[in-house]
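Please keep the model open while reading.

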Amino acid sequence: MQETITTPLITNDTVVFGLLALCLGFIFYTSSIKTGFWGKFYGIVPAVLMCYLLPAILSSSGVISDDSSDLYFVASRYLLPAALVLMTLSIDLKAISNLGSKALIMFLTGSAGIIIGGPIAILIVSIFSPETVGGNDFDATWRGLSTIAGSWIGGGANQAAMLEIFQYNPEKYGGMVLIDIVVANVWMAIILLGAGKSQRIDAWLQSDTTAIERLKIKVTAFSERITRVPTLKDYMMMLFFAFTAVGIAHFFGDYLSALLKETFTSVSDKKSFLSFLGSAFFWMVVLATGIGIALSFTKAKNYEGAGASKIGGMFIYILVATIGMKMDLGKVLENPGLIAVGFIWISIHAGLLILVAKLIKAPYFFLAVGSQANVGGAASAPVVAAEFHPSLTSVGVLLAVLGYVVGTGGALLCAYLMEVASGLN
């Protein structure tokens, strides 16, 4: 009986992909209508948010399900690295370095917000619902929350490391994954809503966006100068660059991951600070980004004029739709106590980011991408960055890679603080 309830209406991935393509086509078509209902609708709700929401509605209503689909795996392992190559093909490293230190400060602030937010959330919830954040031994809630800290500071590899280190009850682990997905996606939705009002937010923050605007103008001018009507050869060359790089990234990513785990016990030990170096996904992202940056020093960067970043953007939106499949809106209130912990936690993260952005007059772009480089990682940070301008995608990628580096250490500190907070109940 349980199987009947959990099995979605459509399990054939070819059909599911067709539905996701239908959603994306509908959103992009309607968002291009600037008058009437759709003009007003997309003036409030960003198109990229709808690219998450429509698949989430299909998933929540039982039509499709991420649990019975491999589409996210394909999108994250094939299309994401291809997009990273195509979107960093025309990167201007000098212009990005001119953005200054505020991007890094906001990223580290985001990490700090996650580290202190967990224990504070436990203390707050323990006031009115001590049983929610209680538990003993391997059922202790703080152990489960440590896996969320790993995910929100680094990513999947860091999350797995926390599960290994603190040995949280596997039967209850699914509940923590649910909190991770629900809260992270709601927060991303808020960030994307803010992206559409970034000028007003920047005015309130009194931020200096000169360097960002200069980068946008420089990249746009370069793109306009080399823009041409693409030929079949152009598309085949972009296919060559993107997916040859994907193959290289996977080959050497798997090799480096295995080699480092065999050679260094500090990498193979999931309890180590360096365990992220054993993640093949980490190396895949790093290598794909590195290849894209290397190509930017060659004539290959001129393929931006044939639409390289636009094709990369298309891949990213397919990834966005598969991430939306993970969101089951019907489960949001399944465990209200723990969901409350998650929202208090992310609110502290958000509050600290806003405070520091106001103090150092950082642009909203740095706040948004600094947050998503932590909470969303390589799958989400480029999406948010591109929502501001395609030329800024690489900033999100570079910060997301940094997130993997600090993820395990930051999550360990957060977990120990949550253990202390739990002991004060």
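Helix α4 (residues 47-60) packs against helix α16 (residues 308-324) at an angle of about 40°, their axes 7 Å apart. This makes α4 oblique to α16, as the angle is neither under 35 degrees (roughly parallel), nor over 145 (roughly antiparallel), nor 65 to 115 (roughly perpendicular). The model is predicted: local features need pLDDT of at least 70, side-chain atom pairs count only at pLDDT 80 or more, and totals for chains, interfaces and linings use all residues. Numbering starts from 1 along each chain as its sequence is written, and side-chain values use heavy atoms, without hydrogens and water.

**The α4 and α16 contact**
- V48, C51, Y52, P55 and A56 of α4 meet Y317, V320, A321, I323 and G324 of α16; contact means heavy atoms within 4.5 Å.
- The residues of this contact of α4 with α16 divide into nine nonpolar, one polar and no charged.
- The crossing of α4 past α16 is right-handed.

**S151**
- S151 sits in helix α8 (residues 141-153).
- S151 is buried, at 10% relative accessibility (buried is under 20% relative accessible area, exposed over 50%, partly exposed in between, with a 1.4 Å probe and protein chains only).
- Its side chain makes a polar contact with the side chain of D180 (2.9 Å); such a contact is a pair of N or O atoms within 3.5 Å, one able to donate a hydrogen and the other to accept it.
- Leaving out residues up to four places away in sequence, S151 touches Q159, D180, N374 and V375.

**L355**
- L355 belongs to helix α17 (residues 336-360).
- L355 is partly exposed, with a relative accessible area of 48%.
- L355 and T109 lie 246 residues apart in sequence, and 9.7 Å apart in space, C-alpha to C-alpha.

Key:
Helices (H or I, at least four residues) and strands (E, at least two) are DSSP runs, numbered from the N terminus. Axes are lines fitted to C-alpha atoms, for helices over the stretch in contact, and angles run from 0 to 180 degrees between N-to-C directions. A crossing is left-handed if the near helix is turned anticlockwise from the far one by less than a right angle, and right-handed if clockwise. Ala, Val, Leu, Ile, Met, Phe, Trp, Tyr, Cys and Pro count as nonpolar, Asp, Glu, Lys and Arg as charged, and the others, Gly among them, as polar.
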